[in-house]
Amino acid sequence: FDWEPSEQRLAELNALTERQDFWDDPKKSQKLMRERSILEESFNRIKSLVSDLTENFEIAELGESEGDEDLLEDAVAALKAIHKSSQKYKLDALLSGEVDGNDCYVEIHPGAGGTEAQDWAEMVERTYLRWANSRGMKTEIIEEQNGDEAGIKSATIKVYGQNAYGWLKNESGVHRLVRISPFDSSNRRHTSFASVWVYPEIDDSIDIDLNESDCRVDTYRASGAGGQHINKTDSAVRITHQPTGIVVQCQNDRSQHKNRSTAWDMLRSRLYEAEMQRREAEAQTSADNRSEIGWGHQIRSYVLQPYQLVKDLRTFVETSNTSAVLDGDLDQFMSAALSINIEN
């Protein structure tokens, strides 16, 4: 096992907590303390298990008692499980970007295709909600526009959890689905597209130059679930940043004031993410994953007919267990994307 990345990060966090000014920013300090606690617990637990397994191997190799063969088999199985866990913790330790540890927003839009594409966008939304839940992360639907017949026209989810942005950031791009359409009476095969855009929540330590006079604020009546009140008042808020054309909207609360505050936070995050994208575009000539929602721009393909296969077109990781992927089993794709970025 290569413990060096985890040990280095743990040593770095321990040094930070000993600084006299560590608690000057309580919000940032608490986040770092949570990271240290998670890393320390997982790191020490795996090391302890490896130590115990080493003893079991030594006992089994001596062959001085009955059941040594079973003991050896159990040790091998446990060692494989520990190795799998250690890879996850190693990736967590390597998420060292400026905002990798932050909560994040996941924005989903259907491509062209009406009901078919809107239904696929809702499936994508459900996949990320289930992924977050499987990792013990909390989610909040900030905005959701229902489709005319099925699915969604747009959705924005906020994901709360350690390294939420770090894990999800490589999911930005176009996701392509091939299936027999449930909306086609002739049972023909259809191809649908949905775009995913992930951007981090930013805290007050990151200065964003945002002039409110450059923004247009609109209010409107929210749609979807929420009871009678939510549909009778102009509680939903949409903010358009005119210099960049960035638009954010929030309708998850009955209070227009709270929705307005959330929308401003989202806009600051979007502007930060846009600046990061601009810098990356200058440093690299790679194509922008968030271009046209259609052919030639997809990062992942989900084929349900005539065969079953999910394939990531950047890392070439693939699986035939499509139902598991759509139920939120995305770690293999995220881990591969992280590993490539770390190596590069």
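These legends walk through several close-up views of a predicted model. Because the model is predicted, local features need pLDDT of at least 70 and side-chain atom pairs count only at pLDDT 80 or more, while totals for chains, interfaces and linings use all residues. Residues are numbered from 1 along each chain as its sequence is written, and side-chain values use heavy atoms, with hydrogens and water left out.

**View 1. An open sheet of 8 strands with mixed pairing.** Start here and follow the order β2-β3-β1-β5-β4-β9-β10-β11. Helices (H or I, at least four residues) and strands (E, at least two) are DSSP runs, numbered from the N terminus, and two strands pair if DSSP finds at least two bridges between them. The edge strands, β2 (138-146) and β11 (318-319), each pair on one side only. At the β11 end, β10 (residues 309-312) pairs with β11 in the antiparallel sense over 2 bridges, and Lys-311 stands opposite Glu-318.

**View 2. Helix α4 lies across strands of the sheet.** Helix α4 covers residues 115-134 and lies across β1, β2, β3, β4, β5 and β9. Its direction is about 45° to that of β5; axes are lines fitted to C-alpha atoms, for helices over the stretch in contact, and angles run from 0 to 180 degrees between N-to-C directions.

**View 3. Arg-179 and its partners.** Look for Arg-179 in strand β4. Is Arg-179 buried or exposed? Arg-179 is buried, as its relative accessible area is 8%; buried means under 20%, exposed over 50% and partly exposed in between (1.4 Å probe, protein chains only). Its side chain makes polar contacts with the side chains of Glu-116, at 2.8 Å, and Asp-119, at 2.7 Å. A polar contact is a pair of N or O atoms within 3.5 Å; within protein, one must be able to donate a hydrogen and the other to accept it, and residues adjacent in sequence count only if both atoms are side-chain atoms. Leaving aside neighbours within four places in sequence, the residues in contact with Arg-179 (heavy atoms within 4.5 Å) include Trp-120, Met-123, His-190 and Leu-304.

**View 4. The largest nonpolar core, with 52 residues.** Such a core is a set of buried Ala, Val, Leu, Ile, Met, Phe, Trp, Tyr and Cys residues joined through side-chain atoms within 4.5 Å. Val-106, Tyr-128, Val-159 and Leu-168 touch the most other members. Helix α4 supplies the largest share, 7 residues. A second, separate core has 6 residues, including Leu-13 and Phe-43.

**View 5. Trp-120 and Tyr-302 form an aromatic pair.** Rings of Phe, Tyr and Trp (its six-membered ring) pair if their centres lie within 6.5 Å; planes under 30 degrees apart count as stacked, over 60 as edge-to-face and the rest as tilted. This pair is edge-to-face, with 5.0 Å centre to centre and 65° between the planes. Trp-120 sits in helix α4 and Tyr-302 in strand β9, 182 residues apart. Both residues are buried.

**View 6. An open, antiparallel sheet of 3 strands.** Here the order is β6-β7-β8. β6 (215-220) and β8 (246-250) each have a single partner strand, so one side of each is left without a neighbour in the sheet. The twist averages 15° from one strand to the next. Strands β6 and β7 (residues 236-241) are joined by 6 bridges, and Cys-215 stands opposite His-241 in β7.
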